[in-house]
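Dear colleague,

Please find below the structure I wished to pass on to you. I would be grateful if you could look it over alongside the notes that accompany it.

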Amino acid sequence: MDNVLPAREKANTSSSVINGRVALIQPESDMTNISIIFDVLNDTLGNPKCVFWDFELLGGLGGWSDEGCSFVLSVNGTVRCNCNHTTSFSILMSPGSPGDPVLDYITYIGVGISMGSLIICLIIEGIVWRKIRRNTTSYLRHVSIVNITVSLLIADIWFIIGAAISNTKNPPACTAATFFIHFFYLALFFWMLASGLLLLYRTVSVFDGGLSKMSMLAIGFSLGYGAPLIIATITVAATAPSNQYIRENVVCWLNWNGSKALLGFVIPAVMIVVVNLIILIVVISKILRRRVGENAAQIGEKHVLYVIARSLAVLTPLFGLTWGLGVGVMVSPKNRGIHITFALFNSLQGFFILVFGTLLDKTVSLSHLSGFC
C-alpha cells in the first residue's frame with residue numbers, strides 16, 4: 001500500500017506510516033458525518049491520526065490530509081475516527097469546498113449573528129419609517145438600506161438552504177438554490193451602487209429640481225433587482241445546459257473550473273466596489289466645498305448626504321475588503337488563513353450594515369428615542 005498511497009502529508013515528510021487498513025467508502029447518498037473504526041496493525045506505534053487521501057495535495061501529487069477528520073479514541077487495538085464535511089462561506093469564491101471545521105463554525109455562528117442583525121435593522125427601519133419620509137433624499141437612502149438588508153437576509157437564508165441541499169446530491173434543487181444565492185448577493189451590490197448613484201446625483205444636482213421621487217425609486221428598483229436578474233439569468237442559461245452551472249461535487253454555488261460561471265458574480269461585485277469608491281471621492285470633494293449661502297433645507301439635505309457618504313465610506317471598503325479576500329481565495333484556494341478571514345468577514349456583513357447603515361444615523365436614533373417619549 002505504501003507504493004500506491006505513500007505516507008506523505010502536507011509537510012511532505014516520511015516520518016508517518018500507514019498503521020491500518022485503507023477504507024474506500026462509496027455511499028449511495030451523501031454523508032456529512034462519518035464514524036469509522038480501524039484495527040491497528042502495529043500496537044507499538046502511537047500518536048494516531050485520522051486522514052483521507054487528497055488527490056490535489058502537493059500540487060496534484062496527492063497525499064494524506066486530516067482536514068475535516070478528527071481522532072476520537074484508541075482502545076483495545078482499535079482507533080475511531082470522525083470525518084465531517086459541510087459547507088462554509090469560503091466556497092463562494094473558492095474553486096473547491098474545503099472540509100475545515102473552523103470554517104464551518106465561523107460560517108454558521110457568523111450567519112446567525114448576521115441574520116439577527118439584519119432582522120433588528122428591519123425592525124428599527126419599520127419603527128422610524130414615518131419620520132424619515134419627510135426628506136426625499138433621506139427617504140431614498142432608507143429605501144436603499146432596507147433593500148440591501150432584505151437582499152442579504154434572503155441570500156443568507158438561501159445559503160443555508162443550499163448547504164442543506166448540497167448534502168442530498170440533488171442537482172436540480174441545487175441549481176435553483178444557486179440561482180437565488182447568486183441573484184440576491186448581486187442585488188446587495190447593485191443596491192449599494194444605487195445608494196452611491198443617489199449620493200452622486202443629489203450632490204451635483206440642484207436640491208429642489210431634477211428627477212421626482214417616483215422616478216428615482218423606479219431607477220433604484222430597476223437597477224437593484226433588474227440588473228441582478230439579467231446577469232443571473234444569462235449565467236444559468238449559458239452554463240446549465242452543459243451541466244457546468246454548479247460545482248462538480250454538487251456544492252450549491254457557481255462553477256469555476258469548467259465554465260468560470262463564478263465570474264458572473266465576481267466581475268459585477270468588484271466593478272461596483274470600484275465605482276462606489278470613485279463616487280465617494282467625487283462627492284466628498286464637492287460636499288467640502290459647498291459651504292456658503294445654505295438655507296435650513298439645504299443644511300438638512302447636506303446632513304443626509306453626509307450620512308449616506310459616511311455609510312458608503314465604511315460599507316464599501318468593508319465589502320471591498322471582504323470580496324478582495326474572496327479573490328485571494330480564488331488565487332490561493334489552499335491557503336487556510338485566507339479562507340478563514342474571508343468566511344469571518346463575509347458572515348458578519350449583516351452586523352456591519354446594522355451598525356454603519358442604521359445605528360450610527362443620528363436621525364434614526366432621535367426618531368427612535370422620540371417614539372418612546
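This is a predicted model: local features need pLDDT of at least 70, side-chain atom pairs count only at pLDDT 80 or more; totals for chains, interfaces and linings use all residues.

The chain as a whole

The chain has 373 residues, of which 45% are buried. Its secondary structure consists of nine helices and five strands. Read from the N terminus, the order of the elements is β-β-β-β-β-α-α-α-α-α-α-α-α-α. Among contacts in the chain with a separation of 6 or more, 69% are between residues 24 or more positions apart. The chain has an accessible surface of about 18,200 Å², and carbon and sulfur atoms contribute 65% of that area.

Helices α1 and α8

Helix α1 covers residues 101-132 and helix α8 covers residues 349-359; their axes lie 7 Å apart, and the packing angle is about 25 degrees. Since angles under 35 degrees count as roughly parallel, α1 and α8 are therefore roughly parallel to each other. The crossing of α1 past α8 is left-handed.

On the α1 side, the residues in this contact are S114, S117, L118, I120, C121, I124 and E125, and they meet Q349, G350, F351, I353, L354, T358 and L359 of α8. By type, the residues of the contact of α1 with α8 comprise eight nonpolar, five polar and one charged.

Residue F221

F221 belongs to helix α4, which spans residues 213-239.

Residue S195

S195 is part of helix α3, residues 171-204. With a relative accessible area of 7%, S195 is buried, because the cut-off for that class is under 20%. Which residues does S195 contact once its neighbours within four places in sequence are left aside? They are S144, I308 and L312.

With kind regards

Key. Residues are numbered from 1 along each chain as its sequence is written. Side-chain values use heavy atoms; hydrogens and water are left out. Axes are lines fitted to C-alpha atoms, for helices over the stretch in contact, and angles run from 0 to 180 degrees between N-to-C directions. Helices (H or I, at least four residues) and strands (E, at least two) are DSSP runs, numbered from the N terminus. Angles under 35 degrees count as roughly parallel, over 145 as roughly antiparallel, 65 to 115 as roughly perpendicular and the rest as oblique. A crossing is left-handed if the near helix is turned anticlockwise from the far one by less than a right angle, and right-handed if clockwise. Contact means heavy atoms within 4.5 Å. Ala, Val, Leu, Ile, Met, Phe, Trp, Tyr, Cys and Pro count as nonpolar, Asp, Glu, Lys and Arg as charged, and the others, Gly among them, as polar. Buried means under 20% relative accessible area, exposed over 50%, partly exposed in between (1.4 Å probe, protein chains only). Accessible areas come from the Shrake-Rupley method with a 1.4 Å probe; for residues, only the protein chains shown count as cover.
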